Amino acid sequence: MFDRYESGEQAILVHIDFTYQGEIEDLNECKMLISSAGVNTVGVVTGTRQSPLPKYYVGEGKAQEIADAVRANNADIVIFNHALSPAQERNLEQLCQCRVIDRTGLILDIFAQRARTYEGKLQVELAQLRHISTRLIRGWTHLERQKGGIGLRGPGETQLETDRRLLRERIKAILRRLGKVAKQREQGRRARHRAEIPTISLVGYTNAGKSTLFNRITEAGVYAADQLFATLDPTLRKIEVADVGTSILADTVGFIRHLPHDLVAAFKATLQETQEANILLHVVDASDERFRENIEAVDIVLEEIDANEVPTLLVMNKIDNLEDQQPRIECDEEGIPRCVWVSAMEGKGIELLFQALTERLSGQMVEHSLLLPPDWVGRLRSKFFQMQCILNEEYQDDGSLLVDVRMQQVDWSKLEKREDAPLSDFIITKESV
């Protein structure tokens, strides 16, 4: 067999349009993926078919054209902008005498390069192991033979079976470690829930500008670049939202069309921040011609991770790349903000984004004037200060406290239930004092 390359630098890109497909892969997006992986595209082979064929995915003639392009350009890897079966990859490798990977393998390779944290590296390794577990035999003829030598002859495990068993054991070990990480994240979420701190999660198509917006709001300085999957590891920061108080803003991994299922499963602990958020900021590259299709692709992934029921606020980003677009808030029929147009790069519309967040998160606000008896002053006054809801306060001669508060209706109900306090009985009008 041929020598297998660890990585390729000169690649032939194969892109086939199928007439039966309602959704056609984007050739330019694949070129950006290849560039993000650090690979140079030296040739592009395109074609049109009714449907893929079992042997080479493409026809015999097109497969030979790909092999000729590999030799003509001295390429050492072929990248398909489609999902290939293990058998198709093996057949193409035998024909082209170089490594062949599909769109899923390319995305996994980019994730492996970008993972920085311990958790991120484990998640990527898990996805890679699940992906290659069905591809062990391709290109490795020695895996089909049983072990030889003195004491090792006769029936027993083949090398392929041994490698599969080692893979299963490694996957189990990674799942155990990720389970511990998931428990730690869950403890943090429970603590924020007990403190009633809202969580705002940034989601969106890759390279939509989520990290740039995150830096603009929080000044966190996380890595942001004009490339696909610049962010893999989630980052959380505190922000202050008017009438809401302290909130947590989470920057998450970007989504992409046909995101590999193994990758979604591996990043389950990370994506949990999205599932349990109070609101999602769906960041969209408004200058992208396919932004509507990108929105649909993100919605599909959100449904896959059971986050499609979380309230969402659309953030149309990169208006600096559009003509005659100004920062603005778009509301639905009930007057509730549903979309904000901003430029995270230039900082335009950020105040409108906070205004929309206030309206979406604050819900129904209530204002009350309370006359607290002396035996309730200490306990309730400290709670009001923690909630930062006191507008004015004045002690009376008998030790009671006249206090004006403003808070969300849901917080008022929670406080009344948790403290077992007759708050409604303490409500007064100032004229009655």
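Are α7 and α11 roughly parallel or roughly perpendicular to each other? The answer is in point 2, after the basis of the note.

1. Basis. The model is predicted; local features need pLDDT of at least 70, side-chain atom pairs count only at pLDDT 80 or more, and totals for chains, interfaces and linings use all residues. Residues are numbered from 1 along each chain as its sequence is written, and side-chain values use heavy atoms, with hydrogens and water left out.

2. Helices α7 and α11. The axes of helix α7 (residues 210-218) and helix α11 (residues 350-362) come within 11 Å and cross at roughly 85°. α7 and α11 are therefore roughly perpendicular to each other. On the α7 side the contact is made by Leu213, Arg216 and Ile217, and on the α11 side by Ile350, Leu353 and Phe354. Axes are lines fitted to C-alpha atoms, for helices over the stretch in contact, and angles run from 0 to 180 degrees between N-to-C directions. Angles under 35 degrees count as roughly parallel, over 145 as roughly antiparallel, 65 to 115 as roughly perpendicular and the rest as oblique. Contact means heavy atoms within 4.5 Å.

3. Overall make-up. The protein chain has 14 helices and 15 strands, taken as DSSP runs numbered from the N terminus (helices H or I, at least four residues; strands E, at least two). Of its 433 residues, 48% count as buried. Buried means under 20% relative accessible area, exposed over 50%, and partly exposed in between (1.4 Å probe, protein chains only). Among contacts in the protein chain with a separation of 6 or more, 69% come from residues 24 or more positions apart.

4. Helices α2 and α3. α2 packs on helix α3 (residues 86-96) at an angle of about 50°, with the axes 9 Å apart, and the two are therefore oblique to each other. The crossing is right-handed; a crossing is left-handed if the near helix is turned anticlockwise from the far one by less than a right angle, and right-handed if clockwise. Ala63, Gln64, Ile66, Ala67, Val70 and Arg71 in α2 meet Leu92, Leu95 and Cys96 in α3. Glu93 is also in α3, and counts as buried at 0% relative accessibility.

5. Helices α4 and α5. The axes of helix α4 (residues 103-114) and helix α5 (residues 118-132) come within 9 Å and cross at roughly 155°, which makes α4 roughly antiparallel to α5. Here the crossing is left-handed. Residues of α4 in the contact include Leu108 and Phe111, and those of α5 include Val124 and His131.

6. Rings. The count is 2 aromatic pairs. Tyr57 and Phe80 form an edge-to-face pair, 6.2 Å centre to centre with 85° between the planes. Rings of Phe, Tyr and Trp (its six-membered ring) pair if their centres lie within 6.5 Å; planes under 30 degrees apart count as stacked, over 60 as edge-to-face and the rest as tilted. Tyr57 lies in the loop between β2 (40-49) and α2 (60-72), and Phe80 in strand β3 (residues 77-80), 23 residues apart. Both Tyr57 and Phe80 are buried.

7. Backbone to check. Asn74, in the loop between α2 and β3, has a positive phi near 55° and is exposed at 65% relative accessibility. Lys318, in the loop between β9 (312-317) and β10 (328-331), has a positive phi near 65° but is buried, with a relative accessible area of 16%.
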